[in-house]
Each structure stands twice: as structure tokens, then as C-alpha cells.
Amino acid sequence: MIFIIPLKPALLLINLVYFYSSLSYKMNNKYTKKDKLKNKKRIEKLFTEGNSVLVFPLRLVFLEVGENDSGTKVGVSVSKKHFKSAISRNRIKRLIREVYRLNKSVYFNNITTQYALMILYIGNHKPTFQQINEAMSLLFEKFNKKISES
């Protein structure tokens, strides 16, 4: 009697291990609806009572919110005064959201309190991904220093 060991279950096991290991990575890097700052009252409160940090061409306005809220909420804004074309504004907002999405686990790995954040692009020129990435990392370093002081 000859036993033939099928290779498919072994390959299936390898694929499942790879899938589940990549799944935990992907779940942390999503920018879902629950991550977006959409509440009008909270946005108004953010601009009236919030603190800010500036690293040109980005400005971060932040406000600590109650513990009962689910996670840190983030909004992105680009001035219509500097960029008349909606295409340009939307491209810059997409770049900022993508940089935030890719690095949010790095930015918020040690923070336990919840914040409402608004990232404003205050520059006059269209940025590249690399420029936004560098500015965002410096911005969140400043943010972490400022919240650790208070």
C-alpha cells in the first residue's frame, strides 16, 4: 500500500499563516469611518478650545475628548483660498490621509487618551508624498512632546 501525501494542505497552512499575520497588520492601518472627525459640534469645540502645533506646511489642532468616545478622530482640511481647484485640494487631502493611515500605529502606540485632531495644510504649493510624510512625522513628534508636557 502506497500513501501519497498531498501537498495542498501544507500550502494551505502556509497561506493561512501568512493571511492571518498580514491581517493584523492591515487592520491597524485602516482609515475607517469611525476614525473620521465628522461631528460639527466637536469641530467647533476643537477650534475654539483646542491647542495647535505647527510644522510648515502642516498645522495640527488637537483637543482631548472624553474617555467614552471610541478612538482618536481625525479630520483633514486644505484652504480654498490657496487652492482654487477642487482637484488639487482633494489630492492634498488624499496624501495627508494616506500618510496618516500608514503611520498612525507609530504615532499613537503609547497614547491612551482619546483626541480629536484636525490636520490643516497651510502651504501654497502642491506637495509630494515624501514632503508630507516628513512634515507629518515632525508634526506628530511635536504633538507627542506637547501632550507629554501637560
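This is a predicted model: local features need pLDDT of at least 70, side-chain atom pairs count only at pLDDT 80 or more; totals for chains, interfaces and linings use all residues.
**Exercise 1. State how many salt bridges the whole structure holds, and describe where their partners lie.**

Solution. 
Step 1. Another salt bridge is formed by the side chains of Arg101 and Glu98, at 2.7 Å from N to O. Arg101 and Glu98 both lie in helix α3, three residues apart, which is about one turn of the helix.
Step 2. Buried means under 20% relative accessible area, and exposed means over 50%. Arg101 has a relative accessibility of 25%, so it counts as partly exposed. Glu98, at 29%, is likewise partly exposed.

**Exercise 2. Describe the aromatic pair of Phe62 and Tyr115, and then that of Tyr100 and Phe140.**

Solution. 
Step 1. The structure contains 11 aromatic pairs.
Step 2. In the pair of Phe62 and Tyr115, the centres are 6.3 Å apart and the planes are at 70°. Planes over 60 degrees apart count as edge-to-face, so this pair receives that description.
Step 3. Phe62 lies in strand β2 (residues 58–64) and Tyr115 in strand β4, so the pair ties together parts that are 53 residues apart in sequence.
Step 4. Phe62 is buried, because its relative accessible area is 5%. Tyr115 is also buried, at 6% relative accessibility.
Step 5. Tyr100 and Phe140 form a tilted pair, with 6.4 Å from centre to centre and 35° between the planes. Tyr100 is in helix α3 (residues 86–107) and Phe140 is in helix α4, so this pair ties together parts 40 residues apart in sequence.
Step 6. Tyr100 and Phe140 are both buried.
Step 7. Phe62, Tyr115, Tyr100 and Phe140 are among the members of one aromatic cluster. The cluster also includes Tyr31, Tyr107, Phe108 and Phe143.

**Exercise 3. Describe Ile122 and Gly123, beginning with the loop in which each is found.**

Solution. 
Step 1. Ile122 is found in the loop between β4 (115–121) and α4 (129–149). Gly123 is also found in the loop between β4 and α4.
Step 2. Ile122 has a relative accessible area of 31%, so it is partly exposed.
Step 3. Together with Leu54 and Phe56, Ile122 forms a nonpolar patch on the surface. The three residues of the patch have about 290 Å² of accessible area together.
Step 4. Gly123 is buried, because its relative accessible area is 2%.
Step 5. Apart from neighbours within four places in sequence, Gly123 is in contact with Phe56, Pro57, His82 and Phe83.
Step 6. Gly123 and Phe83 are 40 residues apart along the chain, and their C-alpha atoms are separated by 9.6 Å.

**Exercise 4. Give the order of the elements and the overall figures for the chain.**

Solution. 
Step 1. The chain has four helices and four strands. Read from the N terminus, the order is α-α-β-β-β-α-β-α.
Step 2. Of the 150 residues in the chain, 33% are buried.
Step 3. The accessible surface of the chain is about 10600 Å², and 57% of this belongs to carbon and sulfur atoms.
Step 4. Among contacts between residues at least 6 apart in sequence, 80% join residues at least 24 apart.

Note on methods. Residues are numbered from 1 along each chain as its sequence is written. Side-chain values use heavy atoms; hydrogens and water are left out. Patches are made of residues with over 30% relative accessible area and no salt bridge: like charges are joined within 9 Å, nonpolar side chains (Val, Leu, Ile, Met, Phe, Trp, Tyr) within 5 Å. Accessible areas come from the Shrake-Rupley method with a 1.4 Å probe; for residues, only the protein chains shown count as cover. A salt bridge is a side-chain nitrogen of Lys or Arg within 4 Å of a carboxyl oxygen of Asp or Glu. Helices (H or I, at least four residues) and strands (E, at least two) are DSSP runs, numbered from the N terminus. Buried means under 20% relative accessible area, exposed over 50%, partly exposed in between (1.4 Å probe, protein chains only). Rings of Phe, Tyr and Trp (its six-membered ring) pair if their centres lie within 6.5 Å; planes under 30 degrees apart count as stacked, over 60 as edge-to-face and the rest as tilted. Contact means heavy atoms within 4.5 Å.
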